[in-house]
Amino acid sequence: EISEKLDSISSSAFNGSHNFTRYFSKPNETFSVSNGVLYSKSKLTLYHCPEGYRGTCVVHKDAVKIEEKAFDNCTQIERIVLNNIVRIEDNAFNGCSNLRKVTIGKETQLIGSNIFDGCQSLLSIEVKKGNMYYKSVDGVLYSSDMKRLIYCPKAKKGVFRIPKSVEYIDDYAFYDCILLEKVILHKDIKQIGIEAFTGCKLERK
């Protein structure tokens, strides 16, 4: 049982836990728990989802921020629905090896670096209509104007053709996309980011 005065928790403090509810049976001045997930008292920030969380995690409707490594090594989560999240910090979903789909809400304005490292089962990123900053086409994440290719899910297979509108490929965009056989670029691409294709096993011709 956690003291009501506790005001700081390491992201690895409850490794292997399935649910935070049993640790917070008394009201706490800094944290709150909803559906087994740890939030700030106001629920505006999601701090940590326990590693043992299973199935689909629907983020609380009041939450606007996902903290760095909030879902670190949540290997049994298959889907995450982000609802009204505005900001997703770096490495937020690292190691979610069974994550298959992420739904980004229309309010999201900032997505941090390398947020899906180790998400080898990820098939699709969906962005809800009305988002002014991001767009999804065939499960791939782009800027809303389609000039930046931000992230290709690691479980994408076969041949992928970069859309003609894309001018920039982000850092780590295709990192460890080992199931892709070929990526077809075009002559108008201006910049390819750091380690954009590292770990890929693409055909060479």
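Eight salt bridges, written here as 8, are held by the structure, a salt bridge being a side-chain nitrogen of Lys or Arg within 4 Å of a carboxyl oxygen of Asp or Glu. The structure is a predicted model, in which local features need pLDDT of at least 70, side-chain atom pairs count only at pLDDT 80 or more, and totals for chains, interfaces and linings use all residues. Residues are numbered from 1 along each chain as its sequence is written, and side-chain values use heavy atoms, with hydrogens and water left out.

Side chains of opposite charge can pair when their charged atoms come close. One of the salt bridges joins Glu-67 to Lys-65, with an N to O distance of 3.5 Å. Another salt bridge links Glu-89 with Arg-87, where the closest N and O atoms are 2.5 Å apart. Within this pair, Glu-89 is buried, its relative accessible area being 15%, whereas Arg-87 is partly exposed at 36%. A further salt bridge connects Asp-188 and Lys-187, with 3.5 Å between the closest N and O atoms. Here Asp-188 is partly exposed, at 42%, while Lys-187 is exposed, at 75%. Through salt bridges that share partners, Lys-65, Glu-67, Arg-87 and Glu-89 are joined into one network.

Of the 205 residues in the chain, 45% are buried. The accessible surface of the chain amounts to about 10,500 Å², and carbon and sulfur atoms account for 46% of this area; accessible areas come from the Shrake-Rupley method with a 1.4 Å probe, and for residues only the protein chains shown count as cover. Among contacts in the chain with a separation of 6 or more, 27% are between residues 24 or more positions apart, contact meaning heavy atoms within 4.5 Å.

Ser-34 belongs to strand β1, which spans residues 31-34, and is buried with a relative accessible area of 15%. Neighbours within four places in sequence being set aside, Ser-34 contacts Tyr-39, Lys-43 and His-60. Thr-45 is located in strand β3 (residues 45-48) and is buried at 14% relative accessibility. When residues up to four places away in sequence are not counted, Thr-45 touches Leu-38, Tyr-39, Ser-40, Lys-65 and Glu-67. The C-alpha atoms of Thr-45 and His-60 are 9.4 Å apart, with a sequence separation of 15 residues.

Backbone geometry was also examined. Most residues other than glycine have a negative phi, and most peptide bonds are trans. Lys-69, although not a glycine, has a positive phi of about 60 degrees. This residue, Lys-69, lies in the loop between β5 (65-66) and β6 (77-81) and is partly exposed at 35% relative accessibility. Met-146, likewise not a glycine, has a positive phi of about 65 degrees. The loop between β12 (140-143) and β13 holds Met-146, which is buried at 12% relative accessibility.

The largest pocket has a volume of about 250 Å³. Its lining comprises 14 residues, of which Gly-112, Ser-113, Ile-150, Asp-170 and Asp-171 are the closest to the pocket centre. Pockets were identified on a 1 Å grid over the protein atoms alone: a pocket is an open set of points where a 1.4 Å probe fits, with protein on both sides within 12 Å along at least five of seven lines, and lining residues have an atom within 4 Å of a point. Grid points are joined across faces, edges and corners, and the volume is the space filled by probe spheres set on the points. Strand β13 (residues 148-151) supplies the largest share of the lining of the largest pocket, namely 3 residues. By residue class, this lining consists of 8 nonpolar, 3 polar and 3 charged residues; Ala, Val, Leu, Ile, Met, Phe, Trp, Tyr, Cys and Pro count as nonpolar, Asp, Glu, Lys and Arg as charged, and the others, Gly among them, as polar.

How values were computed:
Buried < 20%, exposed > 50% of the residue type's maximum accessible area, 1.4 Å probe, protein only. Helix = DSSP H or I, 4+ residues; strand = E, 2+ residues; numbered from the N terminus.
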